[in-house]
Amino acid sequence: MISLRKSLLACLFTGLCSSVIADASLPPSLKDGLIAPLPTLLQHQSTFLALGDDIHWRDASGKSLAQLKLPAELLDWRYPVQLQTGKIISSELVAATVFLPEQQPGLVALDPESGKLRELLRLPTPEFKIENLCLSRVNGHLSLYLLDERGTAEHWLVVDAKGTANAKLLRRLPIAPNCKSCAVDDEQDLLFVAEEGIGIWAQGASEESAPGRVAVDLQKPFGSLSGSVESLAIIPQGLVAAVAEEKQLALYSTNKSKFKQQQLVDLPNTDEPEVVKAVVGVADKNSLALVVGDEKTGNHFLFLPWDSVPQKKSPHTIVSITPDVQTQVMARFGDAADDPAIWVNKKRSQKSLVIGTNKQQGLFVYDMQGREVQHFNTGKLNNVDVRYGVQFGKKVVDIAVATNRDDNSLAIYTIDPKNGKLRFSGSVATDLEEIYGFCLYQNGSGVTYAIPNGKSGEFQQIQLSAVIDQKDRNSHVWQGKKVRSFFVKSQPEGCVADDKNQRLFVGEEDEAVWTIGAEPNAGTQVELVLRAGDVLVADVEGMGIYQGKNKNYLVVSSQGNNSYVILDATAPYKTRGVIRVDLDAGRGIDGVSETDGLEVTHANLGGAFGEGMLVVQDGHKVMPEAPQNFKYVSWEKIRTVLALE
């Protein structure tokens with residue numbers, strides 16, 4: 001085995017691999033069946049998980065260290081995985097397989113310390129023959145993909161971040177048809193799929209990933225592959241593909257989702273290598289141990305060198321928190337829910353409301369439990385905001401105002417301060433060609449301004465007031481007077497006003513967050529707050545301000561990496577942390593992705609929201625798959641994980 005390893009090292013460093021004999025002696029008990037090398041060593045020697053008529057954990061000599069009398073096929077594993085059974089927490093290797101003859105997918109757990117091998121979980125038997133399977137670990141959750149060769153896959157949560165083993169269907173997703181194998185790169189959040197006769201594809205692995213795939217490599221003449229790929233294995237920032245017809249392994253670098261074939265390794269002692277399993281760092285940290293399975297010639301064990309480049313880490317680690325409440329979903333699939341606002345009931349805070357736009361339909365109103373209590377079919381509304389104590393004739397009302405993309409107007413709804421009932425109250429026209437984002441600003445004198453923006457980059461400041469209706473002298477209508485315009489260079493959307501400090505914060509989607517004085521006489525020049533980059537990942541979307549006891553915080557949707565950046569809302573606008581809203585399997589609430597709009601309040605809304613809450617739009621609803629909705633998150637959670645004042 002040592003001479004083999006030296007020759008392979010030489011071949012990969014020189015690129016001359018055509019004559020290498022990639023074979024090493026394996027004991028009879030490891031020669032046949034499906035086996036995978038493991039990262040668990042025994043007396044500094046490799047160990048293996050072996051499947052066939054039984055499931056075995058075997059040492060390098062082939063001796064069985066643990067056994068489950070269960071026939072099984074197909075295999076993937078993760079280690080270490082935290083498992084919780086009652087009050088006991090253990091760190092174990094978890095492997096996914098298909099139990100026979102039922103064709104039922106499930107998990108087994110191996111505790112290397114005790115040597116105990118046990119069945120952990122069974123999933124429902126799918127209504128298709130499982131072509132292959134692969135595990136994925138994102139944000140501490142372990143999930144399982146089951147491939148159907150007809151072009152779909154089921155994605156199941158199997159162990160949540162708390163270590164609880166429980167099968168929950170996350171989603172069904174389209175993949176390439178005639179798929180032979182899959183593998184997930186957890187670090188890069190990529191699902192790789194091998195399509196028979198075509199090539200290798202990559203797509204997002206997280207349950208929150210948007211649909212769509214890109215080619216890693218295709219068969220000639222469209223790519224560099226000379227034959228069909230039968231099996232895939234993940235290596236650090238790389239991928240190994242078994243090309244059966246050519247008796248080769250193709251090695252790819254996959255750093256930052258850029259795919260490049262690095263080496264081809266010939267396997268002349270094989271007939272048709274159909275399975276490849278890999279583990280890194282068994283011999284040393286820069287080597288791979290691989291088992292290549294061949295139905296006719298059995299299993300072949302080899303080492304390969306592999307140097308991975310450490311990925312650049314963000315200066316701020318993304319911290320996961322879970323949502324507390326989710327709203328009822330929209331009535332239809334597609335890009336619907338967009339932006340929320342929070343109306344605080346000043347007398348009965350637990351009766352406060354979340355008001356959300358549906359840009360296919362109108363305005364929707366939810367209570368603190370996420371139940372829909374009102375809706376208005378008033379057009380393609382995009383962004384919404386709320387202000388209090390606005391004079392409307394002889395009455396003082398609260399208002400919600402939204403941008404209406406049907407006619408580039410402002411749709412205005414009055415809110416009864418006593419019971420929270422909304423009523424459509426009229427519209428104010430604008431001269432924006434494509435109205436888009438929006439916020440309200442109310443100064444210390446009680447003057448209320450609407451601040452809509454257009455896709456051109458223009459922001460308008462429009463003073464709102466109620467005047468006597470000339471057609472009905474006993475009623476009032478809304479009137480708008482444009483008092484200022486200012487611009488960013490490309491498409492904006494997000495906007496929020498800090499009323500107390502008379503400042504506006506505005507988002508330019510591909511570029512940055514900017515600030516400008518909120519009063520009409522504050523000029524037209526915006527100042528930089530935070531540019532899009534490694535921390536704030538474009539698109540820059542919704543934003544809100546939390547008015548804390550000691551500090552004010554600006555919350556911005558970093559849509560490009562499904563996170564939220566929290567900054568000081570005063571210069572020099574120091575970044576305080578980055579959070580992500582992750583799924584809560586126990587409550588059956590999925591995580592959040594592709595957030596457009598958000599809102600935050602410091603008001604005590606009772607219960608979990610005693611310190612206020614953050615409301616975010618969820619662009620991709622799963623567990624189960626459904627139309628979009630909004631999620632409520634306790635501010636106390638955010639303050640705690642980021643150690644905010």
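**Figure 1. Cys-134 and Cys-182 are both buried.** This view, like the others, comes from a predicted model. The two cysteines form a disulfide, with 2.2 Å between their sulfur atoms. A disulfide is a covalent bond between the sulfur atoms of two cysteines. The link of Cys-134 and Cys-182 is left-handed, with -120° about the S-S bond. Because Cys-134 lies in strand 9 (residues 132–138) and Cys-182 in strand 13, the pair ties together parts that are 48 residues apart in sequence.

**Figure 2. A disulfide joins Cys-439 to Cys-495.** The structure holds two disulfides. In the one shown here, the distance from S to S is 1.9 Å. Cys-439 belongs to strand 34 (residues 435–442) and Cys-495 to strand 38, so this pair ties together parts that are 56 residues apart in sequence. Cys-439 and Cys-495 are buried.

**Figure 3. Cys-179 is a cysteine in no disulfide.** The nearest cysteine sulfur is that of Cys-182, and it is 8.3 Å away. A pair counts as a disulfide if the sulfur atoms are within 2.5 Å. Cys-179 has 0% relative accessibility and therefore counts as buried.

**Figure 4. Four strands form an open sheet in the order 13-14-15-16.** Strands of a sheet pair through backbone hydrogen bonds, either parallel or antiparallel. In this sheet the pairing is antiparallel. Strand 13 (179–185) and strand 16 (214–218) are the edge strands, and each pairs on one side only. From one strand to the next, the twist averages 20°.

**Figure 5. Strand 14 pairs with strand 15 in the antiparallel sense.** Strand 14 covers residues 190–195 and strand 15 covers residues 199–204. Six bridges connect the two strands. Phe-192 has Ala-202, in strand 15, as its bridge partner.

**Figure 6. The second largest pocket has a volume of about 570 Å³.** Its lining is made up of 21 residues, and those closest to the pocket centre are Arg-387, Tyr-388, Asp-499, Gln-547 and His-602. Two or more lining residues come from each of these elements: strand 26 (337–343), strand 30 (381–392), strand 38 (492–498), strand 42 (540–547) and strand 46 (598–601). Strand 30 gives the largest share, four residues. Sorted by class, the lining has ten nonpolar, seven charged and four polar residues. Rolling a probe the size of a water molecule over the atoms shows where empty space is left.

Conventions:
Residues are numbered from 1 along each chain as its sequence is written. This is a predicted model: local features need pLDDT of at least 70, side-chain atom pairs count only at pLDDT 80 or more; totals for chains, interfaces and linings use all residues. Side-chain values use heavy atoms; hydrogens and water are left out. On a 1 Å grid over the protein atoms alone, a cavity is a set of points where a 1.4 Å probe fits but cannot get out, and a pocket is an open set with protein on both sides within 12 Å along at least five of seven lines; lining residues have an atom within 4 Å of a point. Grid points are joined across faces, edges and corners, and a volume is the space filled by probe spheres set on the points. Ala, Val, Leu, Ile, Met, Phe, Trp, Tyr, Cys and Pro count as nonpolar, Asp, Glu, Lys and Arg as charged, and the others, Gly among them, as polar. Two strands pair if DSSP finds at least two bridges between them. Axes are lines fitted to C-alpha atoms, for helices over the stretch in contact, and angles run from 0 to 180 degrees between N-to-C directions. Buried means under 20% relative accessible area, exposed over 50%, partly exposed in between (1.4 Å probe, protein chains only).
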